[in-house]
Structure formats: C-alpha cells, structure tokens
2 protein chains.
Amino acid sequence: MKTVKINPAGSITTPRGYKAAGVYCGIKEKGKDLALLFSDMPGTAVAGLFTTNVFKAAPVILSRKRVHRGYARALLINSGNANACTGAEGAKDAEEMALRVAKRLGLSAEEVLLASTGIIGEKLPMNKVYTGIEQICEALSSDCGHDAAEAIMTTDTFRKSMSTCFEIDGRNVTIGAMAKGSGMINPKMATLIAVFTTDMAVEPEPLKEALSAAVQPSLNALTIDGEMSTNDCVFIFANGAAGGDFVKRNSHGFDGFVAALSGLAVEVSKSLAADGEGATKMITVTVEGAASQEDADKAARAVANSLLVKTAMYGKDPNWGRIFSAIGACGIGFDPGDVFLAISGQTIACNGAPVNFDLQKLSHSLESRDIAIRLKIGGGIHSATIYTCDLTHEYISINAEYHT
Amino acid sequence: MKTVKINPAGSITTPRGYKAAGVYCGIKEKGKDLALLFSDMPGTAVAGLFTTNVFKAAPVILSRKRVHRGYARALLINSGNANACTGAEGAKDAEEMALRVAKRLGLSAEEVLLASTGIIGEKLPMNKVYTGIEQICEALSSDCGHDAAEAIMTTDTFRKSMSTCFEIDGRNVTIGAMAKGSGMINPKMATLIAVFTTDMAVEPEPLKEALSAAVQPSLNALTIDGEMSTNDCVFIFANGAAGGDFVKRNSHGFDGFVAALSGLAVEVSKSLAADGEGATKMITVTVEGAASQEDADKAARAVANSLLVKTAMYGKDPNWGRIFSAIGACGIGFDPGDVFLAISGQTIACNGAPVNFDLQKLSHSLESRDIAIRLKIGGGIHSATIYTCDLTHEYISINAEYHT
C-alpha cells in the first residue's frame, strides 16, 4: 500500500467544483443532523457500494438504483434516523426527500442520492426534514465541507474529514473524503457511510472499479463490533473540474488515482477504528503465511472480532493466549506448531509456544493508543490486515443507552 | 424437547457408585481449584466431546485419546490454569498428573482423564498440583459432588450442579451433572467443561451416541461471547451401579435415557447462560420458518452473538431494529417482507415492519431476567433455539482484568 500525503484540514469541498452544508433540523436531540453535497458540474460521474444486509434501508434502495445510472449531482444525508425497516411509508419519504432537494437545486430527482444513519424502525419526522431541506439548500458553500462531515456523525466523537492531492500529467488533482462510524461496523461489500469527492475526470465505469479496488484494503478491512448495518454505503463523485480528458483504465493516471484513493481510504478507516464506539485503542491485526487469501482474512477478522482479545487490549492485559484461541477457533486449518506472534514489534510466541519474552516491556507497549498484532500461521504467501479497536465499558454504555 | 424433573440439590455423586472431591491447592489465588471424580465400578463406560479449536490444551489431547478406549474410572479437573499453548512441557505435566492420580487410586494411567480451565499459555505450578492430588484422593466421598462443582469454577458466580432421575423397566436410574462457564463459550462440537455421571448400564458406543444427541439442543446451543476455548470438553460416565443389563440402542430404555440426558443438559445450558460473565439476563433466541436447519441455526446464533442486541437487552432498550439488522447480515437468504418478531410473547413486527405495539409493555417485559426473542423468517419447516445472555459493563470488567 502506497502511503499518500493526507491533508487533515481537507474535506469533501477541497476538490474544485463542490459545495456542501450541514445544518440542524431536529431529527437528533442536538447537533447537526442533515448534510448535503452538491457538484457544480453537469455530468458528474458517481459510483457507490452498499450494504449486503437483507434489510436494506429505504435510502439505500433508492440510491443503489440511481447510482446504477452512473451520474448524479447531489447527496443528502441525515443522521439520527436510519429510515430502515419502515416499509412502504419509509420508501415514500425517501422519494419525497430527494424530490424536494432536486426542485430546490434545479435538478432531476434521479440526480439526487440519499443516505441515512441512526435508529432503525422509526419513521422520519418529515416536517422537520422538509424545513431542513429548505435551509440546507440555502447554506450550500464551497467552504462548508466540515459542516457536512459533522452533520453525519452519530456516536462519533470527532468528525472524519480529510483530503489528499497528487499530480497527474502535470495537473493537480484532489480527492476529499468524509465518513461516519462508529458502531455497527463490519463491512463486507460496503460499509458505514463514507463519501469521496474528486475533481478528476473519470467516467462511471472506471470510477466504480477504482472505488471497489480502494475499499478492499481499507473500509472492507475495518471492524468495530462485527455488526453490518442496514444502511452502510460509500459514494464517490468525480466532476472533472480539474480539467483534462477522462482518465483511461490501465493508464498511469488511473493507477495513480486508485493508489491515492486507496491510501486516503486507509487513513479514513484508521480514523474510524480509532473512534470506534468507546474505543481507547486502535488495533491493527495482520495475519501472514496463510494458505489462501480467504484464510488470512478469516483469521485476521477472528482476532479483530474476538471480545476476549478486545477486552484484554482495553485492560492492557498481556493475555496473548486469547489471540491463539481466537485463530484456533476460526475454522481454518493450520499447524499450531508453526504459529508466530508479535505484539507491537515484540516477539511473544514462536512455533506455537511462548518465547521467554519481557512481560514488563509487553505491558508497557499495551499502554499505547496504537497496538499492532502480527501473526504468521505457516509458510503460505497470503496475508491480510484488519483495523479494529478495543471493547470498553464505554461501548456498553453507549449501546445500552443509545435508544432512549 | 421433553422437560425432565430436575433436582437442583443433585450432583455428580447423586447416581450410585461415584465419589468426588474438591480442594484448594494454590493454582488460583483463592477458592477450590482441583476437582476429582471417581467411579467405584470397574468397567465404567465413558464418552467425551472436545473442542475443535486448532490449539487444543494438553489435557484435551490426553483425554481425547483415552476416551477413545471407551472406559475410564477417574477425571481430574483443575481450574485457574488451562495448560494450553504450553508445548511439550505442558503435555508432560498432564501425563504426570494423570499418573499420580492413577497410582494413588490403584488404577492404570489410561483410566484417568483430565480437564483444565483458566489462563492460557502459562505453566502449571506442578508442586502445588502434586500436593493437591495427595489431598484430593484422600478427600473422595460420595457426599462431595458439590465440592467438585465448586472447584471447577473460574468466573462463574454460582456452581452448576444438578441431577435428574427416571424409571426404566421398573428400575430407578439417576443422571448427575456439573459444569462450568462462563466466558469463552460458543461451542461447536463440544463446549466448556461439563461432566455427566449415570448409574445406568450403557456401553461406550451407545453412550457416545446419547451424549452427541443430548448436547446438540443444549450445550451446542449455548453462546456467551462467540468464543470457543482451547479447553472445551464434556464427559459422561456410566457405571451400571443401578443394576440391570446394558441398555440397547433403539430400545425404549435408550430413548428414555437420551431424553433425560438431553433435558438435563438443557437445564445445565440455561444455568450457564444465566451465569454468563457479567450477565444480568438469560436470553432465549428462537428462529422458525427457515429453509434449512443450517439457516435457522445461523440466524439464531447471529442474533444471540450480536453485541448490539446483547447491549440493548442489558439496557432494557426496546431497540428491536438491531435484531432485524443482525439476521439481515448473517448471510442467509430470506424475504424481509416475511419476517415476524415477538419479544417475550409480545408481537413487535409482522411482514418485516413494526406493528402498532405497546412500547411501555415491551419496556416493562425487558425488566425481566428472562427474555425470549422469537423470529419467524418464512414458510420453511426448520427452527433453532439458542441460549445466551446480555453483554454488560461487568463482562468488560471481568475480561479486561482477568489476567492480572
């Protein structure tokens, strides 16, 4: 993975030709709860990836259909209510939201996409939403990317907004991003809500290909609590405002674009892991030496989703046996006598048994906010990296009290 | 499932011809930590089921091999140390423990089985264990079944010990049981540590068949935290002390035995769920109408292992959307428009959307220590029931602080 230079002050309006806004309309008790992204350029290409949950939220069903066209101009996101498991009424509400945005912005309804996040199974307070739509269309500005990033937060403790910039054929291109976590996250095909914008000129098909490639080692490698939401989605808009011809697949420019997008998506994923509900630590789990990609992925996810590993990390407890137990139970075959384990660079076990490691040094390294668990399970060539966080008292508090 | 009459005061020494003991030998900081079961009858049949974790503890490897012979007389169990991931030295320690018990009791080493539970990856304090073995062989008594049940506890808050009694062909037969939870529990083939004793005359092969049948709807239907241990095992001893001929497969007597054993195992499982680490509630998840047994099982386990469902139950939070999200994400196919949900007898959703239910009544029913989640996901004939508990602050405390 190529490391890209991240601008932490960047946002979805850092690329040229985008406006955004974030307002409070009363869906949540407090805090901004409505976000809007708008591209100035007609013919802005769009791609998206969506939850594979059988229960798909109304906005997911609507957006999935419209993204298929390959072009869109606006994306409205509300937080505080998922508009999921809301039946025909929820679908009608979603249609109406998009229609009102389209009218105010002079677009066709098909050019407006939606996403929602929040409580499942409750009807949206539509009068508040309509008032909010009026306000937010007025508030659109090329300076307000951060407001939008704030407005999509639920239990997130900080907004996830950043950008990266690179040169292709002498032309400066920017990609901006915003995302929200921070519970119910265990993406398969798609994940949570993440939005990327770029001023590069990319047509819909290659844009989709770039997005799929970029989320694989990033958002799809993120797990907070093993849950996949009814509302997960990731979008990318490409409006071509940087000028130049459409980038071609298999070109130097396209490869550079994918590399930059992937690098940015990894940084977004890390910030989501670090801000997992109640998290005090970001944990990177790497499994090497697996016989297949599937095995590597399964083993790394088993460790990352293990409640006992996650609570041990929270307790700064060098209880490495739980890591062995987790990979041993995950259903893949390997020789326990081959297993190597290192935690934050310190070798703990070799050939399946503990080495004579420095317990104090290990305990000390577990004080860090950033923990790396590295396993080698054999002589295979496949490896996988998964990003997660610890499991804490605060996660329980947040999720035992979220509804009421 | 036939309900059996449970004697909560019963134990593994309630059936005739068994002695047991539980002592403190210093593996744990406090509390009994060594248990011994002994059958008076030569030719006592035994069957066992063991963890499928790749990392099998030394006592599991030893016992699995010996159980294969079909006969055993004694079972030594220590708590506080799992003797897992301890390499060749751990295997040698296990051999030596069994040998010392055999010598003291006048048995051959092959007649002694072992189980261990506790911290993974640390060497057993063998000198303490040897002293404990001397003591515990002295302490064996037909009155001390409860002491043994106490001695196998780790984070359990109460001992699990009970028995059931039934008549077969005019003869009274008893089955006793003890078990320990209460974290790292998500059995597949086998589970945790559970020990059954019976004075019925059963030969090894039918005994194994009866055990496999009995754990399916009980111990294999139990999940506390989705973790499968390196040390899970379940044993049954049948010493024939009730008299009579060996029971034949496919006979009335065998069916009665399997029914009684299954019923007892379900009660043991429920008590383990109720005492799951940090648990405040026992939760029974039933999925009906599935297209296959595998689908029913997968869906019920997905709900039972969902952190968000478990924390909602802890918070007495009627956040039913999380139940839908969990089954929607579990990877089985069904029509969301067909789904029915009831919580503790109250209908919450029909045809995939909420009905106009009484929120106050639902909130009130969530105050109970016993919650029933019932889902119907289609017109299929398959169903599954899984037992679990809620996820609480106390679970985090226990597991963040267990090691140190």
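**Exercise 1. Find how many salt bridges lie between chain A and chain B.**

Solution. Step 1: take the rule, by which a salt bridge is a side-chain nitrogen of Lys or Arg within 4 Å of a carboxyl oxygen of Asp or Glu. Step 2: apply it between chain A and chain B, where the count is zero. Step 3: apply it over all chains, where the count comes to 34 salt bridges.

The model is predicted: local features need pLDDT of at least 70, side-chain atom pairs count only at pLDDT 80 or more, and totals for chains, interfaces and linings use all residues. Residues are numbered from 1 along each chain as its sequence is written, chains are lettered from A and ligands numbered from 1 in the order in which they are written, and side-chain values use heavy atoms, with hydrogens and water left out.

**Exercise 2. Describe the contact between chain A and chain B.**

Solution. Step 1: with contact meaning heavy atoms within 4.5 Å, 50 residues come from chain A and 50 residues from chain B. Step 2: the buried area (accessible area, 1.4 Å probe, that two parts lose on being put together, summed over both) is about 4300 Å², and carbon and sulfur atoms give 65% of it. Step 3: on the side of chain A that touches chain B, two or more residues each come from α8 (307–314), α9 (321–328), β14 (353–354) and α11 (393–400) of chain A. Helices (H or I, at least four residues) and strands (E, at least two) are DSSP runs, numbered from the N terminus. Step 4: that side of chain A divides into 27 nonpolar, 18 polar and five charged residues. Here Ala, Val, Leu, Ile, Met, Phe, Trp, Tyr, Cys and Pro count as nonpolar, Asp, Glu, Lys and Arg as charged, and the others, Gly among them, as polar.

**Exercise 3. Trace the open sheet of six strands in chain A.**

Solution. Step 1: the order is β1-β7-β8-β9-β10-β4 (chain A), with mixed pairing; two strands pair if DSSP finds at least two bridges between them. Step 2: β1 (6–7) and β4 (45–50) of chain A each have a single partner strand, so one side of each is left without a neighbour in the sheet. Step 3: β8 (residues 171–180) and β9 (residues 193–198) of chain A run antiparallel and are joined by six bridges. One partner pair is A:A179 with A:A194 in β9(A).

**Exercise 4. Which residue in β10(B) stands opposite B:G48?**

Solution. Step 1: β4(B) and β10 (residues 233–238) of chain B run antiparallel, joined by six bridges. Step 2: the residue in β10(B) opposite B:G48 is B:F235.

**Exercise 5. Locate the salt bridge of B:E134.**

Solution. Step 1: the side chain of B:E134 meets that of B:R104 at 3.0 Å, N to O. Step 2: B:E134 lies in helix α3 (residues 126–139) of chain B and B:R104 in helix α2 (residues 87–105) of chain B, so the pair ties together parts 30 residues apart in sequence.
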